[in-house]
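Let's take a walk through the charged pairs in this one. Have the viewer open and follow along.

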Amino acid sequence: MEDDAPVIYGLEFQARALTSQTAESDAIRFLVGTQSLKFDNQIHIIDFDDENNIISKSVLQHQAGEIWHISASPADKAVLTTCYNKTSESRVVTCGAVWRMPPEWESGSHESPDDPHNSHNPQNLELLCHLDNSSHGNASCVLWEPMGDGKHVISLADNHALLWDLTESSTQATISSSATLEGKGQLKFTAGKWSPHHNCTQLATANDTAIRGWDLRTMSQIYCIENAHGQLVRDLDFNPNKQYYLASCGDDCKVKFWDVRNINEPVKTLEEHSHWVWSVRFNHSHDQLVLTGSSDSRVILSNMVSISSEPFGHLVDDDDLSDGEDNHQDEKTQEPLQDSIISTYEEHEDSVYAVEWSSADPWLFASLSYDGRLVINRVPRALKYHILL
Amino acid sequence: MDGDINATAPGTTPPDTDPARKRRVHGMLKLYYGLNEEGKTVDQAESMDPCDINGPHFDPEVYLNKLRRECSLGELMDQETCMVKQIRSLDSDMQTLVYENYNKFISATDTIRKMKNDFKKMEDEMDCLSTNMASITDFSARISGTLQDQHAQITKLSGVHTLLRKLQFLFELPARLNKCLELQAYAQAVSSHRRARCVLQQYSHMPSFRGIQDDCHAIMDKLAQELRQKFRDGGSSAKDLSECVELLLQLDEPAEELCDKFLSHAQSRLEADLLGLEAELRPPLSYGPTAVTDPYTGPAHRLSVEPTAGSPTGPSSLNNPFLSPSSRTDILEFIDRGCNEFVSSLCLVIASYQELFVNRPQEGELASKNIPQMAIGKLHAFVDALATRYFSLVERRIQEEKSVGDNSLLVRALDRFHRRLQAVAKLLPGSAVPSQGTEIVVRAARERIKQYLAALQSFYLNSLTDVRQALAAPRLGGSSAGVGSHLGGPATGKEAPASLPELLSTLSASILNQIKSVLASVHLFTAKDITFSNKPYFKGDFCSHGVRESLVVNFIKFVCQSSRQFCESAGDRGGSTPPALLLLLSRLCLDYETSTITYILTLTDEQFLVQHHSPVTAVTALCGEAREAAQKLLNHYVKVQGLIISQMLRKSVETRDWVNTIEPRNVRAVMKRVVEDTTSIDVQVGLLYEEGVRKAHSSDSSKRTFSVYSSSRQQTRYAPSYTPSAPMDTNLLSNIHKLFSERVEIFSPVEFNKVSVLTGIIKISLKTFLECVRLRTFGRYGLQQIQVDCHYLQMYLWRFVSDENLVHFLLDEIVGSTAHRCLDPAPMEQSVIEVICERGATCIPVFLPLTVPPASLSSCP
């Protein structure tokens, strides 16, 4: 199908940080942060016109340093956080900050990316506040409260998890509580995720091979999956529809699905990548669709029906179909409800460090590889109709 | 006359043989006398011709005319003379005959006259005889008339005599019976009583007889009582017992009751036998050859099957005397005892019972009661009940037979058990006992196969543990004697540690031997001289399903499966399996795939003449499974080894402060370690796997210079035109390379050869290096250090891999990425790098000089 062809966008810098604009529900929009030690770093705002298959972009300058992590506020479209490297006196420090996009970028004409003039006068981000964590070490990521009002963020810095309250229209950040991981050696959080369930009172973090759950009300650990992966855990994601289900991925090339009520065994394990898996994401609406990106340069879309919130599909619809389209129903019943790989996307030529679903269109996702290539793909139509019908 | 005819005939008729002519003469005579019945047909045939001179229709006119017409004068003359001669001879014949007959007539007349005289004399004598006879009759009638009175008297007297004798017998009967009772001549008593019984019954209305009858009854009751007592006591022998039963039957005891009594009596005795057997089962002493190991042979021998099992040198009899003198009997003795005591007395009981109740000639009123059917029914129930108990005991005993050492003992015991039951089958044709017995044997055989499978499996696991220990044993100075002896290998006494190939060969040889010995002992079940071996189960199902599938195939599957488990369990949780073991097992599975499985299955099929009625697992399926296991193990080996090296590299990258590092003067120790480890892995793999194919490499690969970042920095764009013309920061060369090169699969399946394995490990390590580098920020000297390290790796790693370009590519990527992550990218001069690296090469202990190319050796000072 013509419109199933991937859309590729190339950045001129290397990049690791990708997020969809969470608060935006109409336009398909992704934010990419670049990594460059020699030039000013940028945040690319990439809009995708689904009907015309056209990408348009705006560039904002992020002069503070190279971006390792980016995340957008769920409440305010214009607010975002980054984790960035700052080099000073031959020391490299990673900091977190909350930014506001200048109001003009949106009103500014969406010029074609080919227009060379556009990139000459990029606008700067407006700094709202620093998540000042110099006493806590290097920030690895900043997490917004899911579906919140944009007043709370958590930053993970070395072995600390810090809960910040943003006040005065986000210009001030104060630490309201914190948790510290104690143990032998230099412990360091590598990834984290704020659970959208339980009134947003839970946090999951990864350090080395372990996954830990935290209760934010008491800032204490509630569960710990030791040796969740054979090697480092790289990323986590919560199933948006099943409150105890969690996906993790790591350097053992595996993606594991956990029920945190029974942490002895993973519910399911996928072993499809041939190198480390750096990112795993559940689809926001149809949680059987799981996206993974790996340093084997592949993105894999899997259909994990058996552990999804819709393990049997839409049973109700079968009745509607039965009276007219017997053929169709036959096909439907013949199709086994089995977990399967839907598709493997090989458009990247370097390690894929980030994948993200669009917040506006549940059938669309973006993946970003280190060489700065952003690829936008769609869920295959056949599957989409199969899920919907 | 004959002579005459002969002399005259030759002219006209052809010379005839004598008998023919004679017949003709006779025929003519018969004709003459009118006796022509015989030659009729012939004559009729001839007779039609009027020219036939001998025929009845002879017409002289026709004949003459014919002659005259046909013959010449000479011939007519001849004919005439011939005719005259014949007439003449016929006349003389006739004269002779007349003369003979006359003579005979004369002599006959004489004889008749003589007879007439004789008859007259005889008639007189006959008359005299008849008168005499009449007088005799008369006398005889007179005598019998006189004697008749006396004769009647005598008859009456003799009748009285017999009656008296009978009466005397009757009167004496009580006394006689008493005496018999005293003498215990029961049989005599019963027969006497039987003789008198009806008479007494008949005359019981007379008081005197009534008295006798009562007396007799009393006595007989007493006797019956005594007999019953005797019967009940049970002390008597079977023969006595049967006699008792016979007598009681004659005394009109109810047969059913007798059957019951007989059987219950027999039961009590058989039960005693059963209790004896049970008593042997009861003491569960802790014993057994399994628990004891001969100090000289080690645990590996616990399974070994004595070639002469069953002989007094069998392991159980060897060990038992020392262990527990009161130890229980072995199974053969047990079965023997069961057979000799229980089964034989059961047979005896059945035989005598049948003799008594079933096969006895039926007489009198007994016949009407249909005893045999009732008796047979009772017997069946009785035998079944007892046999069931016996079988349960036997089964319990068989189940206790856990030690797999001496199978022949079990087989012989089963054989005996089965054989003895055939006797029961012969005695009692309709009984279910023999088939139940066969079933027990079948079950025991099945159980045995399971035990052997378990034993094989545990042997395999033990062998693996041994191998593991051997691998874990310190390489230097560690004596491997224990290992060698455990595996029965040749390494005993050697000081050098067992090498991988040795371990592999001893492992596979010992497993194979074990399988062979197990097959040999299982084979006993189907030996020719074993009675049950020709049962359908042992001919078909046992061989194909039992031995081939449950034992051999299952064991092979177990080997594959347990090997696979090493990959799964040890994978995530910190690799408890030593990599060398993985490698060894992988090779083992591969060997299985190429030859061993085929060999084992062929061996089995040959030994057991397996006829595949039901579908069996194909060799190819098993081989596939083994190959899959081998592949999985090897992949896992690569993964584990790659991981070990990766961890070293990762730690080395992550822990260092690359921004503030000093100018590189040396290759980092980690890199040396990496090369060292890779070399030792290379050696390790080389011991078990072939070299494999590698692409031809350039003559001085170690000297290749890096196309480092600085040379590739050009302001050109690789991507299509939609990227804006911002300052380029991407590594052109690397990107172009990627465009045209194959995608590198990092954790990909490897082939079964050394080069492929090493390629896999190096790929994993270098990719880790790359990813770690990308997460760090470097200063100028950090970059230079990485350059040095990469060059060093370049110098040594290319020779291990199948395609050196792969190493180049990955190392380029590393250096390129480092340059990107560098705050002050000022690369080091290539010549300086080379100097540092070569200096580094001399510093490390020269590992395996053979693998170092002469070029780099010669450059060492």
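A salt bridge here means a side-chain nitrogen of Lys or Arg within 4 Å of a carboxyl oxygen of Asp or Glu. With that in hand, pick out Arg234(A), Asp251(A), Arg650(B) and Glu654(B): salt bridges link them in a network. Keep in mind that this is a predicted model. Searching the whole structure over all chains turns up 32 salt bridges.

Now go to Arg281(A). One of its partners is Asp235(A), with the closest N and O atoms 2.8 Å apart. Asp235(A) sits in strand E19 (residues 233-238) and Arg281(A) in strand E23 (residues 277-282), both of chain A, so this pair ties together parts that are 46 residues apart in sequence. Arg281(A) also forms a salt bridge with Glu356(A), where the closest N and O atoms are 3.3 Å apart. Since Glu356(A) belongs to strand E27 (residues 352-357) of chain A and Arg281(A) to strand E23, that contact ties together parts 75 residues apart in sequence.

Arg281(A) counts as buried because its relative accessibility is 12%, and Glu356(A) counts as buried because its value is 9%.

Over in chain B, have a look at helix H18 (residues 579-608), which holds both Asp591(B) and Arg587(B), four residues apart, or about one turn of the helix. Their side chains meet in a salt bridge at 3.3 Å, N to O. Asp591(B), at 22% relative accessibility, counts as partly exposed, while Arg587(B), at 14%, counts as buried.

Methods: Residues are numbered from 1 along each chain as its sequence is written. Chains are lettered from A and ligands numbered from 1 in the order in which they are written. This is a predicted model: local features need pLDDT of at least 70, side-chain atom pairs count only at pLDDT 80 or more; totals for chains, interfaces and linings use all residues. Side-chain values use heavy atoms; hydrogens and water are left out. Helices (H or I, at least four residues) and strands (E, at least two) are DSSP runs, numbered from the N terminus. Buried means under 20% relative accessible area, exposed over 50%, partly exposed in between (1.4 Å probe, protein chains only).
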